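Work through the exercises below with the model open. Each one gives a task, then a solution in steps.

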Amino acid sequence: MKLLLLLVPCLLLATQPTAAQKYRTAAGLRSDGNNYGLTIQQLILPKTTLEGLGMFGVRERSATVLAERHFGILGPSLNYYFGAGAHVGNHKDDGTFWGFDGMIGAEYKIAFIPLVISLDFKPTIEYGSADWNRFPTAFSIRYIFIKQKKTGIFRIFDKR
């Protein structure tokens, strides 16, 4: 019974939506093993980002825009997120393609340095391509260019 009384508040705290991010703008590199590219995330609303991806592969190039909603897990350094968007690209064999994307992933803001790492799953539906759907997972590392403003009693230490 004592364990249950201790475990329930911890689980409730783990699922509470906390300050979901520690940055406003971050950009970096992304890879799914076959394609490599650039990623940039910009906070547009509280807990909501717009992410742009520019991906390059041996036989194709693509650009993707995603809107993502972030939720804290045990504090603001570890988040999970999900979202949706669209992409357009060019394949050397098939020509121009386009489609819709989903996104679900997790990210971690590394302590004491301005880096964020993430792992995500981005299923797609495509039109104009030999592949009508894809299910890639990818790893990203981003540098934080603009931090989230501090709130609470520690905001007096925020240098501007």
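**Exercise 1. Charged pairs**

Solution. The rule asks for a side-chain nitrogen of Lys or Arg within 4 Å of a carboxyl oxygen of Asp or Glu. Step 2: Arg142 is in strand S10 and Glu51 in strand S3 (residues 48-56), so distant parts of the chain, 91 residues apart, are linked. Strands (E, at least two residues) are DSSP runs, numbered from the N terminus. Step 3: Arg142 is buried, at 1% relative accessibility. Glu51 is also at 1% and buried. Buried means under 20% relative accessible area, exposed over 50%, and partly exposed in between (1.4 Å probe, protein chains only).

This is a predicted model: local features need pLDDT of at least 70, side-chain atom pairs count only at pLDDT 80 or more, and totals for chains, interfaces and linings use all residues. Residues are numbered from 1 along each chain as its sequence is written, and side-chain values use heavy atoms, without hydrogens and water.

Task: Which strand holds Glu107, the residue that Arg142 ties to a part 35 residues apart in sequence?

Solution. Step 1: Arg142 forms a salt bridge with Glu107, with the closest N and O atoms 3.8 Å apart. Step 2: Glu107 lies in strand S6 and Arg142 in strand S10, so the pair ties together parts 35 residues apart in sequence. Step 3: Arg142 and Glu107 are both buried.

Solution. Step 2: Asp93 lies in the loop between strand S5 (78-91) and S6, and Arg59 in the loop between S3 and strand S4 (60-72), so the pair ties together parts 34 residues apart in sequence. Step 3: Asp93 is exposed at 53% relative accessibility, while Arg59 is partly exposed at 39%.

Task: How many salt bridges does a search of the whole structure find?

Solution. The search finds eight. Salt bridges also link Glu60, Glu126, Asp131 and Arg134 in a network.

**Exercise 2. Aromatic pairs**

Task: Count the aromatic pairs and classify two of them.

Solution. Step 1: rings of Phe, Tyr and Trp (its six-membered ring) pair if their centres lie within 6.5 Å; planes under 30 degrees apart are stacked, over 60 edge-to-face, and the rest tilted. This rule gives seven aromatic pairs. Step 2: Phe71 and Tyr80 have ring centres 5.2 Å apart and planes at 20°, so they are stacked. Step 3: Phe121 and Phe135 are stacked too, at 6.4 Å centre to centre and 10° between the planes. Step 4: Phe121 is partly exposed, at 32% relative accessibility. Phe135 is exposed, with a relative accessible area of 53%. Step 5: ring pairs link Phe71, Tyr80 and Phe82 into a cluster.

**Exercise 3. Around Tyr127**

Task: What is Tyr127 in contact with, leaving aside its neighbours within four places in sequence?

Solution. Step 1: Tyr127 is found in strand S8. Tyr127 is partly exposed, with a relative accessible area of 38%. Step 2: its contacts (heavy atoms within 4.5 Å) are Phe97, Trp98, Gly99 and Phe100. Step 3: Tyr127 and Phe100 are 27 residues apart in sequence and 9.0 Å apart in space, C-alpha to C-alpha.

Technical notes
Helix = DSSP H or I, 4+ residues; strand = E, 2+ residues; numbered from the N terminus.
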